[in-house]
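This briefing covers helix packing, a chain interface and salt bridges. The structure comes first.

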Protein chains: 2
Amino acid sequence: MLEWPEKVTIKEVGPRDGLQNETVEVPLQDKVAWINLLSDAGYSYIEFSSFVHPKWIPQLKDAKEVAAMISRKKGITYAALVPNRKGLEAAIDTDVDEVSVFMSASDTHNKKNINKSIEETYPVLKEVVQEAKLEGKSVRGYVSTVFGCPYEGAIDTDQVARVSERLLDMGIDELSLGDTIGVANPRQVDQALHEWKQWLPFDKLAMHFHNTRGMALSNVLVSMQHNITTFDASLGGLGGCPYAKGASGNLATDDLVHMLHQMGIETGIDEEKLKEAAVYIQRVLNKSLPSHQMQVVNKERV
Amino acid sequence: MLEWPEKVTIKEVGPRDGLQNETVEVPLQDKVAWINLLSDAGYSYIEFSSFVHPKWIPQLKDAKEVAAMISRKKGITYAALVPNRKGLEAAIDTDVDEVSVFMSASDTHNKKNINKSIEETYPVLKEVVQEAKLEGKSVRGYVSTVFGCPYEGAIDTDQVARVSERLLDMGIDELSLGDTIGVANPRQVDQALHEWKQWLPFDKLAMHFHNTRGMALSNVLVSMQHNITTFDASLGGLGGCPYAKGASGNLATDDLVHMLHQMGIETGIDEEKLKEAAVYIQRVLNKSLPSHQMQVVNKERV
C-alpha cells in the first residue's frame, strides 16, 4: 500500500492569487471580513495581498489598508507578494510576516509578465531578498510555469532546478513551484520530483497546482509520495488562469482539505469554517465558486 | 518513480448511466447520432441503453429503437443494462453484444433501488446470467455503493468481496465496482484494493468512480497502481448522482482520456472526436457539461 504523510500544510493564496484573477473588485471591508474568516478557519499561512502597482492589478490596490485592518491571529503567517524594492518597502511598512517574490522558469513568460529576462530578474530579486532579510522578514519565492509555458510549451526540469537553486542561494526560505497554466500530469510530476530530489532541498519546497484540466488533486497525491507536504491553494478555486480564461484555475483549498481529511491526513483546518468563508466570498463576488465542495453546497441550497 | 500501465480500457457509460440521470429526454434521432459519434471516437465498449421499464427510467424508454438504429462498428462491444429476465429477453431480441446486471453492496441501498434484499437479488441475477450465457452473451455485473452508501455510510470491504464473489461464481465475466455517490478517497481505494486482491481476480475488475468531490481521477491513479486497467466513464461528466443532485456525477471520459494520454498511457480514443461527440450532446441537452475539458472548450468559444 502507498504511504502518506501524517500532516500537510496548506498555504492560502486566495486573497492574492485568487482575487487578482477575478474581474470583480472586492470592497475593502469585505476583503477584511473574509480574511478574518480565513484566520478563524485554522490556517497557519495566508497570503493576504500584493504590493504591486495598482495599474497592473487594480483588484489588490488596497493592500496597505487590508494589512492595517485585518485581525492578525497568533500562529498565522500573514504574507504579501512584492514585485520589487518599492513594493517591499510598502509591505514592510505594514509589518507583514513574510514577503514573496516571483519569477518564471520560462524566459518568454517572464518577459511577457515583468518585461525582463530571467537573467535580468535575478539582481532585482536578490536586492529584495537582502533587504527583506535585513528587516528580519522571511521570503518565499514563486517559480511559475515549471511544468509548461503558454509560449514555450514544455519546460526542462533542469531549467527549473537552475532557477530554483539561484533563488535558494539568495537566501529564499521556501520555493513554491507553480503549474501556472494547469498542464502538469501526475506522471510528469512524479518524474520531475524524482529529478529535482537530486538538486533541491525538499523541505523547502511547496507545490502550487492549478486545476484547469482536473489533475490538481492527482498531482498533490503524487507529490505526497515524494514527501512534499506543503501546498498552495485558493478557497473555492477562486481565480482563473489568464491563459485559459474561466477555466477553473487554482486548486481549491476546500477540495484539497476534504480529500486530505478523508485520507486521515491532518491540515489543522476546520472544514465547516472553511465553508463559511467560501460562502461569504461567493456572495460578495456574486458567482458560484468552482470547487466541488461549493458545487455540493450550492446544490443543497437550491 | 511510480509505474503505470501501458494501456487502459475505458467503457463509455454516458448513453446509459449519463442520460438516465439527466432530466432532459434526448430525442431518439439525437441519441443515435451521438452514439454513432462515440463509435467513431475509438471506444471498444459502449453501454448504449437500459432495458428497464420506462416507468422507472423514461429517458431510456427507446432502448429497442436505439439498438436497431445505431451503426454498429466492428471491434466495439455494444452493451445494455438489464434489471431482470424480461429486460434480458428484450435486450437479446435486439442482438446486444453484452448485458449488464446490477446490485448494491449495501442492503438498504439495494432495497431502496430495487425493493429486494441482497439475498433476494442473487436468484434473480443468477437466472439472468444463466439465460444470457445460454444465448451466448457475456455479462457484466455492477456492484454499487462499494465505498460508501447514502443510507448505511461506510461499507465493509469484506461485504463487497462477498457480493463480488457470489456474482463471479454465477459466471459473470467482469465486475464493475462503483463509488455510486462519489465518496471514495484515494487512501481508501488503495486499502480496499489491497484487501480485495486476496479475494478477487483483478483481471475481471473495472472501477466506476464518480467525481462528486473531485477525487475520481485520483482514485483512478491509485487503482492503476494496483494494475486495474479498466474504468467506466461518462463523456463530459454527463449524469449527476441522485443523492447529490447537480453535483458533478460520473467521472468524465474526456478528463480521464486527457490525463491518461498526457501520461503516455494509450486508450485507443481520439480526443478530437471525443470533443465533437461531447459538443454534440451538450447542444442537445442545452447545458454546459461539467468536465474540465468541456469547460475549457466552452470558454474558448465565448
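How many residues does the contact take from chain B and from chain A? It takes 35 residues from chain B and 35 residues from chain A, where contact means heavy atoms within 4.5 Å.

This is a predicted model, in which local features need pLDDT of at least 70 and side-chain atom pairs count only at pLDDT 80 or more, while totals for chains, interfaces and linings use all residues. Residues are numbered from 1 along each chain as its sequence is written, chains are lettered from A and ligands numbered from 1 in the order in which they are written, and side-chain values use heavy atoms, with hydrogens and water left out.

**Interface of chains A and B**

- About 3,200 Å² is buried between chain B and chain A, 61% of it on carbon and sulfur atoms; buried area is the accessible area (1.4 Å probe) that two parts lose on being put together, summed over both.
- On the chain B side, M1(B), R187(B) and R213(B) lose the most area to chain A, together 21% of what that side buries.
- Between chain B and chain A the count of salt bridges is zero; a salt bridge is a side-chain nitrogen of Lys or Arg within 4 Å of a carboxyl oxygen of Asp or Glu.

**Helix packing in chain A**

- Helix α8 (residues 186-196) and helix α9 (residues 216-225) of chain A pack at about 30°, their axes 9 Å apart; helices are DSSP runs (H or I, at least four residues), numbered from the N terminus.
- P186(A), V189(A), D190(A) and L193(A) of α8(A) meet S218(A), N219(A), V222(A) and S223(A) of α9(A).
- The residues of this contact are four nonpolar, three polar and one charged (Ala, Val, Leu, Ile, Met, Phe, Trp, Tyr, Cys and Pro count as nonpolar, Asp, Glu, Lys and Arg as charged, the others as polar).

**Helix packing in chain B**

- Helix α7 (residues 157-169) and helix α8 (residues 186-196) of chain B pack at about 50°, with axes 10 Å apart.
- α7(B) and α8(B) are therefore oblique to each other.
- T157(B), D158(B), V160(B) and A161(B) of α7(B) make the contact with A192(B), E195(B) and W196(B) of α8(B).

**Salt bridges**

- Over all chains the count comes to 34 salt bridges.
- One of them joins E119(A) and R166(A), with the closest N and O atoms 3.9 Å apart.
- This pair links distant parts of the chain, 47 residues apart: E119(A) lies in helix α6 (residues 118-134) and R166(A) in helix α7 (residues 157-169) of chain A.

Methods. Axes fitted to C-alpha atoms, helices over the stretch in contact; angles between N-to-C directions. Helix = DSSP H or I, 4+ residues; strand = E, 2+ residues; numbered from the N terminus. Parallel < 35°, antiparallel > 145°, perpendicular 65-115°, else oblique.
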